[in-house]
Amino acid sequence: MSIFIAGHNGMVGSSILRKIKENNPHQEIILKNKHELDLLNQKDVINFYNEHSPTEVIIAAAKVGGIYANDTYPADFIYQNLLIQCNLIHGAFLSGVKRLLFLGSSCIYPKNIKNPIKEEYLLSGKLEETNEPYAIAKIAGIKLCESYNRQHYLDYISVMPCNLYGPGDNYDLKNSHVIPALIRKFYEAKSKNIPSVTIWGSGSPLREFM
């Protein structure tokens with residue numbers, strides 16, 4: 001058995017890779033960098049599957065960013081994520097992959113819903129405006145997995161982690177998520193003796209982090 005991890009250089013993908021190596025040092029893992037495999041190119045992805053024939057696929061690859069990036073580049077977020085997901089999921093099906101794990105996002109759920117969030121809340125209300133294109137792409141990925149399972153009797157699973165942070169995170173103030181952005185802002189304020197830090201938003205939203 002061989003596992004292909006798409007997006008192994010990212011924060012989530014690299015964590016998954018470390019955990020697999022810890023639990024099973026002899027596990028065959030297939031890895032490709034951006035310059036080796038263009039996930040936006042369907043032909044390249046299908047050729048990759050045909051050449052390497054992975055038995056399991058983990059999709060941690062995505063174009064991601066914080067509020068600023070989502071609000072500034074909405075077309076990039078929906079277009080690139082739709083292509084990445086479609087190419088990887090459909091390519092896996094064509095090559096005979098029976099088991100696949102697709103990582104979504106908690107932003108797929110409506111903006112104004114009760115906590116704790118339940119799966120059945122999906123598509124029950126309006127999405128958060130700033131990251132709606134990204135959320136729609138992720139919802140499409142979930143439905144793609146569901147549809148392939150229903151039509152072709154596969155085991156394609158979608159999981160929705162909460163807001164994640166950790167080793168390998170992105171600390172760019174324009175493209176990062178909230179925790180790494182806060183870490184960098186406070187670190188720079190401390191190191192430069194800046195008396196205050198400006199935080200976006202009202203401070204009222206409740207978020208879950210892991």
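# Loops, helices and ring pairs

Pro-116 lies in the loop between S4 and H5. Helices (H or I, at least four residues) and strands (E, at least two) are DSSP runs, numbered from the N terminus. The model is predicted, so local features need pLDDT of at least 70 and side-chain atom pairs count only at pLDDT 80 or more, while totals for chains, interfaces and linings use all residues. Residues are numbered from 1 along each chain as its sequence is written, and side-chain values use heavy atoms, with hydrogens and water left out.

## Loop residues

Strand S4 spans residues 99-103, and the loop between S4 and H5 holds Ser-105. Leu-123 is found in the loop between S4 and H5 as well. Leu-123 has a phi near 65°, a positive value in a residue other than glycine. Tyr-153, which is not a glycine either, has a positive phi of about 60°. Tyr-153 lies in the loop between H5 and strand S5, and this strand covers residues 155-159.

Ser-105 touches Tyr-134, Lys-138, Met-160 and Pro-161, not counting residues up to four places away in sequence. Contact here means heavy atoms within 4.5 Å.

## Accessibility

Buried means under 20%, exposed over 50%, and partly exposed in between (1.4 Å probe, protein chains only).

| Residue | Relative accessibility | Class |
|---|---|---|
| Gly-141 | 0% | buried |
| Ser-105 | 13% | buried |
| Tyr-148 | 13% | buried |
| Phe-93 | 25% | partly exposed |
| Leu-123 | 58% | exposed |
| Tyr-153 | 73% | exposed |

## Gly-141 in helix H5

Gly-141 is found in helix H5. Leaving aside neighbours within four places in sequence, Gly-141 is in contact with Gln-85, Ile-89 and Phe-102. Between Gly-141 and Phe-102 there are 7.6 Å in space, C-alpha to C-alpha, and the two residues are 39 residues apart in sequence.

## Aromatic rings

Rings of Phe, Tyr and Trp (its six-membered ring) pair if their centres lie within 6.5 Å; planes under 30 degrees apart count as stacked, over 60 as edge-to-face and the rest as tilted. By this rule the model has five aromatic pairs. Phe-93 and Tyr-148 have ring centres 5.2 Å apart and planes at 65°, so this pair is edge-to-face. The pair links distant parts of the chain, with Phe-93 in helix H4 and Tyr-148 in helix H5 (residues 132-152), 55 residues apart. Ring pairs also link Phe-4, Phe-48 and Tyr-49 into a cluster.

## Helices H2 and H4

Helix H2 covers residues 42-52 and helix H4 residues 74-94; their axes come within 9 Å and cross at roughly 35°. The axes are lines fitted to C-alpha atoms, for helices over the stretch in contact, and angles run from 0 to 180 degrees between N-to-C directions. On the H2 side the contact is made by Gln-42, Val-45, Ile-46 and Tyr-49, and on the H4 side by Asn-87, Leu-88, His-90, Gly-91, Ala-92 and Leu-94. These residues divide into six nonpolar, four polar and no charged. In this count Ala, Val, Leu, Ile, Met, Phe, Trp, Tyr, Cys and Pro are nonpolar, Asp, Glu, Lys and Arg charged, and the others, Gly among them, polar.
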